[in-house]
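I opened the file and took notes as I went. The entries follow the order in which I looked things up.

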Amino acid sequence: MKVALITGITGQDGAYLAELLLSKGYVVHGVKRRSSLINTDRVDHLYEDVSVENRRFIMHYGDMTDSLNITAIIQKVQPDEIYNLAAMSHVKVSFEEPEYTANADGIGTLRVLEAVRLLGLTEKTKIYQASTSELYGLVQEVPQSEKTPFYPRSPYAVAKLYAYWITVNYREAYNLFACNGILFNHESPLRGETFVTRKITRGIAQVALGMDKQLFMGNIDAKRDWGHAKDYVEAMWLILQQNNAEDYVIATGETTSVRDFIAMAFLEIGVTIKFNGTDINEVAIVESIDESKYLEYIGSEFGEHGRLELGDQVLSIDERYFRPTEVELLIGDPTKSKTKLNWQPKYDLKGLIEEMVKSDVQLFRSKL
Ligand code: NAP
Ligand code: F7E
């Protein structure tokens, strides 16, 4: 049985990856942070009590900012594969916590690599580093491939730039099997609530159920290459199953604006919206409603604001969500991962939106 260690197991990707590896027969160890409230919701269904014999899902307390702890966990687990997913992953928040982000996301990666080296595990342990399309930032080429130069635009992306290069350096210097997956945005019903897609699907569910009046958004003209997290964790695993350690772009090859994502998500519940106005004065209003679709989806119970009606204003722009420096356009070129890894994503954007909206409508209906 192969043994995997996942840092960031309580996050979106950590949860899907743990499920995937367990389904492949791995013993899965995960690093979770101590917090005053329980933070393991995404993996609670995988939990096995300490009394269970031959447990295949084991959690360890840890933090990417603590070298001794990271080294001790790796020494204890003796993993065949490490998936380094732990990070302060929110781009906007990284402007407010730049030093912590550099420590956890940048130096944290060094801590993992150096622990493997110092523990004499370079022959045994393969390492996956969660690199990101944010490295391309102010894009130097369209679409972005493994060869496109980087131009990071946030403290998060700069920290991840260090992590990217220290992974390459340890591969070249010490012959470590260490790879970067340069993953473009990937989403799911498990996505953190403040990332744009989840904020939209949660917001639409609340507005449609009369629990809120409208969404407040930042730069809705930004474009992203969005895929489904379930497809992307499969790529992480494939990257570590190759004969050679290499870096790969994982993307769909299609880009969509935040504006179009919002319109598509409203359409999912039968509501067509129209954008009016410009810049920070732009709003969206309800233009038409497919009654049977809306009611079939939402049911007949509504919160204090009642049901949606034609002409309702359902979105405003709020400057607080703008970033000091923005990444306007991302679109990946997945040719290498499709040909070399034979990676084939199963979801398209419509399927992703449908799953996320359904899940959030169900979530908020249960709170009515
Ligand atoms: P996520 O949902 O924000 O999860 C991040 C995980 O890291 C959580 O388990 C979090 O723990 C943990 N973590 C944060 N700081 C830590 C620290 N100091 N020590 C230990 N653990 C820490 O992120 P995700 O979407 O799953 O992304 C996984 C990784 O891929 C991240 O490194 C992210 O930067 C990168 N990435 C994501 C995308 C994307 O579109 N999702 C694309 C490219 C790259 P808590 O649960 O306790 O907060
Ligand atoms: O923003 C715009 C925002 O926060 C996407 C992380 O997983 O993917 C993620 O980073 C776009 C940006 O993701 C709001 O300005 C508009 O242009 O969902 P996001 P991100 O910044 O692309 C990469 C690949 C990672 O590696 C990161 O870890 O949407 N936007 N209005 C908004 N964004 C947010 N969050 N909230 C808004 O109200």
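Predicted model: local features only at pLDDT ≥ 70, side-chain atom pairs only at ≥ 80, totals over all residues.

**Entry 1: the loop at Leu190**

I started with Leu190. I found Leu190 in the loop between β7 (186-187) and α6 (196-208). I then listed the contacts of Leu190, leaving aside neighbours within four places in sequence: Gln12, Ala15, Tyr16, Arg42 and Arg198.

**Entry 2: Leu176**

Next I went to another leucine in a loop. Leu176 sits between α5 and β6 (177-183). I noted Leu176 as buried, since its relative accessible area is 2%. Which residues does Leu176 contact, neighbours within four places in sequence left aside? I read off Leu113, Val116, Thr122, Thr125, Ile127, Tyr170, Arg171 and Ala245. Leu176 and Glu146 are 30 residues apart in sequence and 20 Å apart in space, C-alpha to C-alpha.

**Entry 3: helix α2**

I turned to α2, residues 67-77. Which residues of α2 are buried? I noted Asn69, Ile70, Ile73, Ile74 and Val77. These lie on the same side of α2, because they cover an arc of only 130° around the axis. On the other side of α2 I found Leu68 and Lys76 exposed. Then I asked what covers the buried residues of α2.

I kept the general rule in mind: most residues other than glycine have a negative phi, and most peptide bonds are trans. I then looked for departures.

Which peptide bond did I note as cis? The bond from Val142 to Pro143 is, with omega near -5°. I placed Pro143 in the loop between β5 (126-132) and α5 (155-174).

Asn54 is not a glycine, yet has a positive phi of about 50°. I found Asn54 in the loop between β2 and β3. Asn54 is exposed, with a relative accessible area of 70%.

Asp279 also went into the notebook, with a positive phi near 45°. Asp279 is in the loop between β13 (271-276) and β14 (283-289). I recorded Asp279 as exposed, at 64% relative accessible area.

**Entry 4: the whole chain**

I finished with the totals. I counted 11 helices and 15 strands in the protein chain. The C-alpha atoms fill a box of roughly 65 × 50 × 40 Å along the principal axes. Why call the chain a compact globule by its radius of gyration? For 368 residues, such a globule would have a radius near 21 Å, and the chain has 21 Å, so the two agree.

Buried residues make up 52% of the 368. I looked at contacts with a separation of 6 or more, and 77% of them join residues 24 or more positions apart. The accessible surface is about 16,600 Å², with 49% of it on carbon and sulfur atoms. I noted 40 positive and 52 negative side chains, with the centres of the two sets 3 Å apart.

Conventions. Residues numbered from 1 in each chain as written. Chains lettered and ligands numbered in written order. Heavy atoms only, no water. Helix = DSSP H or I, 4+ residues; strand = E, 2+ residues; numbered from the N terminus. Rg over C-alpha atoms; globule rule 2.2 N^0.38 Å. Buried < 20%, exposed > 50% of the residue type's maximum accessible area, 1.4 Å probe, protein only. Contact = heavy atoms within 4.5 Å. Areas by Shrake-Rupley, 256 points an atom, 1.4 Å probe, with all protein chains shown as cover. Lys, Arg positive; Asp, Glu negative; His and termini not counted. Charge placed at Lys NZ, Arg CZ, Asp CG, Glu CD. Arc of directions from axis to C-beta.
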